[in-house]
There are 2 protein chains.
Amino acid sequence: MTTPPSTDRPDTDRPTATHNPASGVKHMKWWGWGVEGVAFHFDDKPKFAPFVKQAVGLDLSGEAPPASVDFSTLTVPAPKISDDLLTELRGVVGSENVISDDEPRVVHTYGKSIRDLLRIRSGDLPRVPDVVAYPGDEDEVQRIVDLAVAADAVLIPFGGGSNISGSLQPPAGETRTVISLDMGRLNKVLDVDEDSGLARIQAGAQGPDLEEQLNKRGWTVGHFPDSFNHSTIGGWVATRSSGMQSDKFGDISDITRGVRVATPSGPLVLRPLPSTSTGPSVREMILGSEGRLGVITAVSAQVHRLPEERVILAYFYPTFDAGLEAMHDISLLDSRPSITRVSDAGETGFTLATAKKTSVGQTVLFKVLQRRGWDLDKMCLSFVGFEGTKAHVARQQAAVKEIVKKHGGMGVGKGPGVLYDQKKFDTPYIRDFLLDWGGAADVSETAAPWSRLKDVYYNTIDAAKQAYKELGIDPGWVMCHLSHSYHSGACLYFTFAFVYGDRDPLPLYEVVKKAIQQSFIDNGATLSHHHAVGTEHSPWLSQDISPAGEKIMKGLFAAVDPGSNFNPGKITS
Amino acid sequence: MTTPPSTDRPDTDRPTATHNPASGVKHMKWWGWGVEGVAFHFDDKPKFAPFVKQAVGLDLSGEAPPASVDFSTLTVPAPKISDDLLTELRGVVGSENVISDDEPRVVHTYGKSIRDLLRIRSGDLPRVPDVVAYPGDEDEVQRIVDLAVAADAVLIPFGGGSNISGSLQPPAGETRTVISLDMGRLNKVLDVDEDSGLARIQAGAQGPDLEEQLNKRGWTVGHFPDSFNHSTIGGWVATRSSGMQSDKFGDISDITRGVRVATPSGPLVLRPLPSTSTGPSVREMILGSEGRLGVITAVSAQVHRLPEERVILAYFYPTFDAGLEAMHDISLLDSRPSITRVSDAGETGFTLATAKKTSVGQTVLFKVLQRRGWDLDKMCLSFVGFEGTKAHVARQQAAVKEIVKKHGGMGVGKGPGVLYDQKKFDTPYIRDFLLDWGGAADVSETAAPWSRLKDVYYNTIDAAKQAYKELGIDPGWVMCHLSHSYHSGACLYFTFAFVYGDRDPLPLYEVVKKAIQQSFIDNGATLSHHHAVGTEHSPWLSQDISPAGEKIMKGLFAAVDPGSNFNPGKITS
């Protein structure tokens, strides 16, 4: 088995190849997450194979499966586009920025959900965008929006292509020309209003791009979703993203103070405002709109001075209940930490299994915990992030220490937190690794009031296990963490995985996914906290926001986009 | 001159009369703000008359003008409603809760803007609701909504009737039957989810009603707009209200986690969620919708434990610029106070002029300030509110003290803050007092990024003065305070007043109002921070959210309410 570069080096986790040399825009692998040449491996993780064997019954001791898919084996439908439209598109963005080659079209077909990966690995490409256009400025975006309406074409905006809710693929039966509008050339921080803590950022800027540009000036957006390395601020807005430091910096809906959108009615300009009373919020209609109201071209985002101090501390709790209660107490502090996160016992086991080696300190610690009567199979790892002035960080640490103690937890210092901070963006690589071995994994996350969280947790775990049982999958895996705390509730983030062997994985996935999503709704939680609706979650929309809510949303889309030219079929069908 | 009860006793500031004894619902005066028998007087405020003379040239030394309007002098148009619809309405809410008497219909015609007060005092009643219905529960509201659609009637929800943006009056030329739906019977806190800090509150609950019910259980919503004593939570949501402690508790858009609305498509149920990723936010479409999408029936609001300590401290700054800069620095603290407020020199003078007597301490203080070189005509009064644990309050006070010092300010303790806290809801009474004397006053408030605030302030003051000059009003008055701080900006709240004497006040008002509103837009500020659009601000909507934004909003209204039955003409025409 050839060892690819390890994912332990996230600083290399930026794509270097491009399908459009003129644009310089880089994309993830067409068949999986992240950068060509970077993949997960477990050579230096002695506990990983035993963990996987126990969790999903997969034996990793044998020969590694052959490397991934060969693009030449795919059958890519020929592009359907009139010469007139092609000429007009070229006239707007230049011939070099209108691409109809197979591989870039395939890259722009899907996001990175397990459904997307399974379909692309099996060559299931019922509808591929006919052309990819790379606009260079806001005016070009508006002109393409106008062209799409005039030509009755379908337009699908593309940021980093990282979404996992089916927000990107063209409808299978779409007979009109489908244009993928790649926003990658619009990747600049245009300016920073230092007096107001507001930055104007082009929609196609990916996480590292915009943070690098801002950090140089001493600022940060503070938005770090798991997809950070490969997602754009326009995509964050279009899907209602939330970053792991949202307790302090807010969700993207809080961070976004103004936005510019190329709409069928012309340029929508919402100037940056701290707050406003201008009727139903058009800003909050653009947030989460997944391209259905037009194309986001720039965002006025709240930015913060880089903090004097930033630290992530790790804690263990004897049970997940104790951890949840501690996170709740922390959320009620007079001022909140930046990160509150606690994994259940399963996810704690997974995290420990991806460590390179067991330190002497850890061995000693676990013995101490056992002597105290802890069941190590039930204990839960937690991270709390602190940032601000040194005095503020020290004060918060002291307050959290009290709460941890109250709930029978134990602080274990900075070590695990540093590791978490470095590796936080790498988990998606493991999914591709599992797929190579015949295992499927994906996530479902939600949010609910504090009073409902335990019900949501236990009932969802049960629902997933019941689904596995019905499917004859034994063992199937489901684990969970709490992240993103609010005054009135928090996010619960479930990861599930199973080995499908010779069976068709997609129907199996659908049963497990459906059980988890329905459990969310039945227990007072939402269909997604920060992964959007897309096509994957739209079956639950009416149950979540009620039939009248879905009707209002459909009415909005029909009013703004009567021709259904803009990313049709997403959110509502 | 008979002295009415003083407004110095806000605990008496609740209406006792009702037009519908069956309902028990109480209303403000038909001709002005607040409670019958309570009015502003200046007998015990020695500096008030000299201040008014200097500010607007009004001589208060003469005989008080005769008492207000006599209802019997009004010509109220007869109600236009079919017997069928009347029978149907009675069938839903009971005969005793369907009222067609003149006075309640007039009470339900207008809000309390200066335009509303001038029109009602002059008997200008082109269109009055034909009937007032008082539903007793959510189901009755939905049935009336359905009736209105079926009968092609106009339905206007009515909370406390306190709005000042023209959100209530029926269009002058409306030929269909107009139903005013008074929500006053739905005034209960239904339950409190103590684990989550969420209360379900019926939409018709007025501020004191709901705070009393919550306080008994140890909770508060923390939402205290100036209209608090006479406005409802449904109205707060429908107009995007913000309370004076929003720095800590958030605007009503933050506080509202779930909402129930009777819509033309049936009951809209948005369950309480801390955060969600369900596409364009329907919750944020209901917020600010002013009845155009249906009738809000209940709100799931964030509630907080009553704080261990709550204190408002007063400070003086040598200039308004220094005060603005201090508020900005305070907003950047690791954790925010609950109130940040600073008045300009004019408003400081006004506040000092409404004090009962000048204390010895104040006289000494002002001498000290003068010795330090302060120009007392330029100094600015500020309030900062602190709440939370005692330790937290002490820490925040210390941090604010540093900032005040940095900007050359001086702390003056709790005295003025206590006074402010007691009198904060009384200012609207002064407007009725002024009207009796031939003076008109109203307010315009806005929000803008910190970098724009000084421009907004100085240019708006200039714009108002220029308007007065063009109108030949000398002196005309305009004053301002900053309140409601955010990371990226703050609210500026302008109050303007002038004496119209024998001239028609409305055209004069319109020139001044227009100058102020246009200055907001021209300087990067919004048409309103927390007073909604209504009809008064709709001329600026397109400039504020761009023509495409207004088109999106119109599309939403037309899709949800194709018959234009729900509060037509508000927000967008």
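I began with residues 125-306 of chain A in this predicted model, and I noted that over this stretch the chain is 23% helix and 26% strand, with the end C-alpha atoms 44 Å apart. I then looked up the record for these residues, and found that UniProt, in an unreviewed entry, lists 125-306 of chain A under "domain: FAD-binding PCMH-type".

Next I turned to the domain assignment of chain A, which gives domain 1 (18-32 + 68-182), domain 2 (189-305), domain 3 (309-423), domain 4 (427-536) and domain 5 (537-573). I checked one pair of these, and the C-alpha centres of domain 3 and domain 5 of chain A lie 41 Å apart.

I went on to where the chains meet, and found 80 residues of chain A in contact with 80 residues of chain B. The size of an interface is often given as the accessible area lost when the parts come together, so I looked that up as well. Chain A and chain B bury about 6000 Å² between them, with 60% of it on carbon and sulfur atoms.

I then searched this interface for polar pairs, and the rule finds 36 residue pairs in polar contact between chain A and chain B, along with two salt bridges. One of the salt bridges joins A:Asp544 to B:Arg271, where the closest N and O atoms are 3.2 Å apart.

Last, I listed the elements giving two or more residues to the side of chain A that touches chain B, among them strand E10 (256-263), helix H14 (390-406) and helix H19 (541-560). H19(A) gives the most, with 15 residues. By class, I recorded 34 nonpolar, 35 polar and eleven charged residues on this side of chain A.

Terms used
Residues are numbered from 1 along each chain as its sequence is written. Chains are lettered from A and ligands numbered from 1 in the order in which they are written. This is a predicted model: local features need pLDDT of at least 70, side-chain atom pairs count only at pLDDT 80 or more; totals for chains, interfaces and linings use all residues. Side-chain values use heavy atoms; hydrogens and water are left out. Domain bounds come from an automatic or database domain assignment. UniProt positions are given in the numbering used here, feature names are shortened, and annotations may be inferred rather than shown by experiment. Helices (H or I, at least four residues) and strands (E, at least two) are DSSP runs, numbered from the N terminus. Contact means heavy atoms within 4.5 Å. Buried area is the accessible area (1.4 Å probe) that two parts lose on being put together, summed over both. A salt bridge is a side-chain nitrogen of Lys or Arg within 4 Å of a carboxyl oxygen of Asp or Glu. A polar contact is a pair of N or O atoms within 3.5 Å; within protein, one must be able to donate a hydrogen and the other to accept it, and residues adjacent in sequence count only if both atoms are side-chain atoms. Ala, Val, Leu, Ile, Met, Phe, Trp, Tyr, Cys and Pro count as nonpolar, Asp, Glu, Lys and Arg as charged, and the others, Gly among them, as polar.
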